[in-house]
Protein chains: 2
Amino acid sequence: MAFTEFCRLDERSVIEYVKGVPGLWSKLELDDDNIITVKEIGDGNLNFVFVVANSVIIKQALPYIRCIGESWPLTKDRAYFEAMALQEQGRLTPHHVPQVYHFDPTMSLIAMRYLEPPHIVLRKGLIAGIQYPLLARHMAHFMANTFFFTSLLFRSTLDHKREVAKFCGNAALCRHTQQVVFSDPYQISQYNHWTSPYLDPDAEALRQDDLLKLEIADLKSKFSERALALIHGDLHTSSVMDGLVHQPNHSKAYKEWILQTIEDTWNLFYDKFIALWDEHRNGAGEAYLPAIYNNPEVQLLAQKRYMTDLFHDSLGFGAAKMIRRIVGVAHVEDFESITDAVKRATCERKALNLAKMLLKDRRKFEGIAEIVSAIRQF
Amino acid sequence: MAFTEFCRLDERSVIEYVKGVPGLWSKLELDDDNIITVKEIGDGNLNFVFVVANSVIIKQALPYIRCIGESWPLTKDRAYFEAMALQEQGRLTPHHVPQVYHFDPTMSLIAMRYLEPPHIVLRKGLIAGIQYPLLARHMAHFMANTFFFTSLLFRSTLDHKREVAKFCGNAALCRHTQQVVFSDPYQISQYNHWTSPYLDPDAEALRQDDLLKLEIADLKSKFSERALALIHGDLHTSSVMDGLVHQPNHSKAYKEWILQTIEDTWNLFYDKFIALWDEHRNGAGEAYLPAIYNNPEVQLLAQKRYMTDLFHDSLGFGAAKMIRRIVGVAHVEDFESITDAVKRATCERKALNLAKMLLKDRRKFEGIAEIVSAIRQF
């Protein structure tokens, strides 16, 4: 069977597909019987994900949103932009991005490395109370490298504009994000849902909060109009696999470890980012020319202002994501796995109130330690 | 002669060119003798401009910067983006943009309407002390229409991203602007010049002013990374032709008229822009969805914040342009026509100090009337 036209793969046809691509076939680690196992494991909202022979991941984008169905169409071209982003991120942080083996534009399909057990989705690890001692360092490294090297701090204007033009084609997915993150939680939408009836007044309050709406407009504008760097765009704990297993631990100490990890992640990111900036100060980047930013005082001021803006943006976007995960279309297992609705609603309300405060007051925070203090108060 | 390859036109070959394009030839208003007059009138920094038979303008971009010469190359593709922008602006404000008759990508050439006398370049009119009673209204109309209809207030995300991708190709000209507006005035550059020796300490002070350098970095980032709308990009008094001649007038009243025109221009722009926003509130624009911004209070707040941000940006970019016109590569006739260097330097220093204050303190101003008051104090 030749896959010369787009068709949706299933657990049978995906084997045919892999057989037809020599570069993929050779990646399969087959046992003596040459039996090829296939498992569909996608638990995200958009795509289908197959593990083939415990060796290769086949990720296919369909022309609609998986968690809703064909009633919500979405261009499958998004696979092309995902493949491009993965390859660029892999070039910049090869140790933290699964290798892309193959991209098929006709089939909207990415073949990439399978992360075998003990790798599990980080969100599930956190819910199980597992500590990952390298988590903050790895995340900081990934974020600092991918951000810095695709920003105007490193790239020339001509390179930057060329890349921006390339990714402008991903408009449909950006528009989808605009809707589910920056719009739907603040208006009545058929896709919204929440822990009803307990959070009904909370959801209603979001739709009545004028100051919150001003802040979300500000972030939406940044998201829609500003091309600062090539960012992941969906970097949450379900988008990370982690393999180092430590003893599960649900004690108070585990909560402390999570708070510490939040703090470490930002601080390590900050330090790594500034180190990259200092290292490449005299490179091709055209944002801060060394002949202008030519003394330690102004360099420090410029870096401080840049990082403060980035910090406030991060708080805002993080808060927007918290809100949309509680009252929007796509929720998260962290809360959904709490079966007692009253208990779930209580946790969700705390998160919602924290997020609302962060969205409105984010510019008042000067460092991540203040955020951790604020979390403790909720 | 067929113009199948790029060549620089002169006053002779431009006639051959026009003869070869039927749509242009028919635009010429020839007298009985069929004598075709040609005059090169370009007084800008980048391009060559011919008037043919007092009927048609031929504007050609060469692969370098006119006011410097071949030692400063610049892609001639810029003519393509200029033609696209002119056509889009003409569609949005046909009464305020000269009609484009013809665009030739090979020759990097735009043929457009000639604005016959009494039209003159506005800068020359202002230097001559001429009042233009419709100036503020016309400028406000042009700015409000072109900005609003190319922003996300009116355009859908998909349209907006497609247009952004198209204009990303104009990177070389953006990079040129980055250099001459946001970089060179704040560093030693072979192209910089100023009224020396009188402004030597002032130019030196710019290169030592850390706070100013932070502000210019902020504006450079907005200019380089943010695609808010299709703006003119070089909208100063030499980019405007005006035809209504009133009595020249160098009295105090003329200065008052200029200040009043500054104030009127912003206020009329503001009103027109808000009127367009209100009118198209339920259109395709995806920035402020009516289901979210659903009561008069939040609509007012959102508009006020948007316009305040725009005001502060305008003050910043305006100040950056004032600085670069005094110490950078390209100066303006307003000052250059003052032959007494001491007197010229005195005027320039006042403008420089006003610009520095605006660049640093722009966020403290709440309305255009405060700006006019500040100008009076300099």
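## Finding your way

Helices here are DSSP runs of H or I with at least four residues, numbered from the N terminus. With that naming in hand, B:H331 is found in the loop between α11 and α12 (333-336) of chain B. Please keep in mind that this is a predicted model.

## A histidine in the loop

Let's stay with B:H331 for a moment. Is B:H331 buried or exposed? Its relative accessibility is 15%, and because buried means under 20%, B:H331 counts as buried.

Two polar partners can be picked out around this side chain. A polar atom of the B:H331 side chain lies 3.0 Å from the backbone oxygen of B:G328. The side chain of B:E336 also makes a polar contact with the side chain of B:H331, at 3.0 Å. Leaving aside residues up to four places away in sequence, B:H331 touches B:H193, B:W194, B:R325, B:I326 and B:E336.

Now for a pair of helices in chain B: α10 (residues 252-279) packs with α11 (residues 296-327) at an angle of about 140°, and their axes are 12 Å apart. The two helices, α10(B) and α11(B), are therefore oblique to each other. The crossing of α10(B) past α11(B) is right-handed.

Which residues of α10(B) and α11(B) make the contact? From α10(B) come B:W266, B:F269, B:Y270, B:F273, B:I274, B:W277 and B:D278. On α11(B), they are B:A302, B:Q303, B:K304, B:Y306, B:M307, B:L310, B:F311 and B:S314. Sorted by class, this contact of α10(B) with α11(B) has 11 nonpolar, 2 polar and 2 charged residues.

How values were computed. Residues numbered from 1 in each chain as written. Chains lettered and ligands numbered in written order. Predicted model: local features only at pLDDT ≥ 70, side-chain atom pairs only at ≥ 80, totals over all residues. Heavy atoms only, no water. Axes fitted to C-alpha atoms, helices over the stretch in contact; angles between N-to-C directions. Parallel < 35°, antiparallel > 145°, perpendicular 65-115°, else oblique. Left-handed = near helix turned anticlockwise from the far one by under 90°. Contact = heavy atoms within 4.5 Å. Nonpolar A, V, L, I, M, F, W, Y, C, P; charged D, E, K, R; others polar. Buried < 20%, exposed > 50% of the residue type's maximum accessible area, 1.4 Å probe, protein only. Polar contact = N/O pair within 3.5 Å; in protein donor to acceptor, adjacent residues only side chain to side chain.
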